[in-house]
Amino acid sequence: MASPVVTRFAPSPTGFLHIGGARTALFNWLFARHHGGKALLRIEDTDKKRSTQEAIDAILDGLDWLGLDYDEAPTFQSQRADRHAEVAHKLLEAGHAYKCFATPEELEAMRADQRANKQPMRYDGRWRDRDPSEAPDGAPYAVRLKTPLEGEATIEDKVQGTVSVRNEELDDYIILRADGTPTYMLAAVVDDHDMGVTHVIRGDDHLNNAFRQLPIYRAMDEIEGGWPDPIYAHVPLIHGSDGAKLSKRHGALGAETYRDEFGILPEALFNYLLRLGWGHGDREEITREEAVELFDLAGVGKSPSRFDMKKLENLNGHYIREADDARLAGLVASRIGENADVAILTKAMPVLKTRAKNIDELVEGAGFLFAKRPLEMTEKAAKLLDEEGRARLALVSTALAKENSWTIEALEATTKALAEEQELGLGKLAQPMRAALTGTTTSPGIFDVLVLLGREESLARIDAQAS
């Protein structure tokens, strides 16, 4: 019987949850959920100089915002150094690792020679077969893994296919530094094993790491058994819209930036990241429930995907139109501040959200609802309120003041009747009305605006601009 699926997302808290990391987290989470397995989180915080609590909090906040929940409390790699060292010593005792007494000066001289001779930059194995007794008493040493010297290693990667590397291309890398602290290569393998990880799904920039890490699995399996190779899936990285490596100018920003600065809904980013390198036919809009049902590694492409902010905003517009009005009203109110009225915003949301692509556009569209008289006019709106425009507003004010039923249908009928009476197109009345009511030339439908503002406020704004 196959082991239950266990995946892990293992970010380093040296920065926020950037877009590539968020997609890796999503793919791991979906794969585990699709197979009824466990999704785990490991914070790889061994770099104490660069790891910060602020970054840890931002990563946890971003994952929570995207709705990626985990089946156990996060594992913090820095708290497991003793366990990592324990495994290093087991490898050392079994002859799969050795003590290296090379000094920093000797290693630098070695690298200088390799550079001068245009050789690959890798450790030359100078202490691999030497007796530690040859070193001076009490000399510091690092522990290096004894990697295979011949043959090749092959991985049947679930995304990349069959990938092979000649063992001679690997070097005997350090697994335990001279100060006794473990390196990433060792820590990641030990943690994945101890967490029961069955599938390592990560960016393809880690593909070479897989070949460096496999000898640890195989050596420990030989020593004590129960250390099977994980199943690997190395996902192509995300590129910018121009095909270049993703950078901040392309959108390689923290998840909180998409939420706080770009006004993106979590379900939109979830859907967009899902489709960024994974597909199911021509489907673009896929709900969380559908994603769990459909996701598998067979749908992940081998080519880098391109991040496109316009596509994300268009998808976000779809989810804004689908979203609950009260929820959107709360998001908009939090950005407007003290002047906001959630009840009014909720009432207005059906007409505000029809064209908006992000929360900021909703905020901008809702601005007229809470504007104070006299309204500030945009340059275009002011041009509509010339002498002719103000004269037409006076006619509109008189007609609307007689209206007993302040509904869209009644207000539209009254305004159309006035336009016909004056032998004008409806726009000739609606344009100065929009300017007077909102201070802009763009807004929801003019009769929606009248109803949302109410009779008293609408007539007061029109009268303030009428001649």
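**Entry 1: helix α12**

By exposed I mean over 50% relative accessible area, by buried under 20%, and by partly exposed anything in between, with a 1.4 Å probe and protein chains only. Helices here are DSSP runs of H or I with at least four residues, strands are runs of E with at least two, and both are numbered from the N terminus. The buried residues that I noted in α12 are Leu 345, Ala 348, Met 349 and Leu 352. Seen down the helix axis, these buried residues fall within an arc of 135°, so they line one face of α12; the arc is taken from the directions between the axis and the C-beta atoms. An α-helix has 3.6 residues a turn, so residues three or four places apart point the same way.

**Entry 2: what I am reading**

I am reading a predicted model, in which local features need pLDDT of at least 70 and side-chain atom pairs count only at pLDDT 80 or more, while totals for chains, interfaces and linings use all residues. Residues are numbered from 1 along each chain as its sequence is written, and side-chain values use heavy atoms, with hydrogens and water left out.

**Entry 3: strands β1 and β2**

In β1 (residues 6-9), I found Val 6 and Arg 8 pointing one way and Thr 7 and Phe 9 the other, and all of them are buried. In a regular strand the side chains alternate between the two faces of the sheet. β1 runs parallel to β2 (residues 38-43) and is joined to it by four bridges, where a pair of strands requires at least two bridges found by DSSP. Opposite Phe 9 I located Leu 41 in β2. From β1 the chain passes through α1 (residues 19-34) to β2 in a right-handed β-α-β crossover, right-handed meaning that, with the strands pointing away from the viewer, the path from the first strand over the helix to the second runs clockwise.

**Entry 4: backbone details in loops**

I looked up Lys 118, which lies in the loop between α4 (104-116) and β5 (142-145) and has a positive phi near 55° although it is not a glycine. Its relative accessible area is 80%, so Lys 118 is exposed. The peptide bond from Arg 373 to Pro 374 is cis, with omega near 0°, and I placed Pro 374 in the loop between α13 (359-366) and α14 (379-384).

**Entry 5: the largest pocket**

Which residues lie nearest the centre of the largest pocket? I found them to be His 18, Gly 20, Gly 21, Asp 205 and His 206, out of 43 lining residues. A pocket here is an open set of points on a 1 Å grid over the protein atoms alone, where a 1.4 Å probe fits, with protein on both sides within 12 Å along at least five of seven lines, and lining residues have an atom within 4 Å of a point. The largest pocket holds about 1200 Å³, a volume being the space filled by probe spheres set on the points. The largest share of its lining, six residues, comes from α1.

**Entry 6: the second largest pocket**

I noted about 730 Å³ for the second largest pocket. Of its 25 lining residues, Glu 364, Gly 365, Thr 442, Ser 443 and Pro 444 are the closest to its centre. The helix of my opening entry returns here, as α12, α13 and α17 (426-438) each supply at least two residues of this lining.
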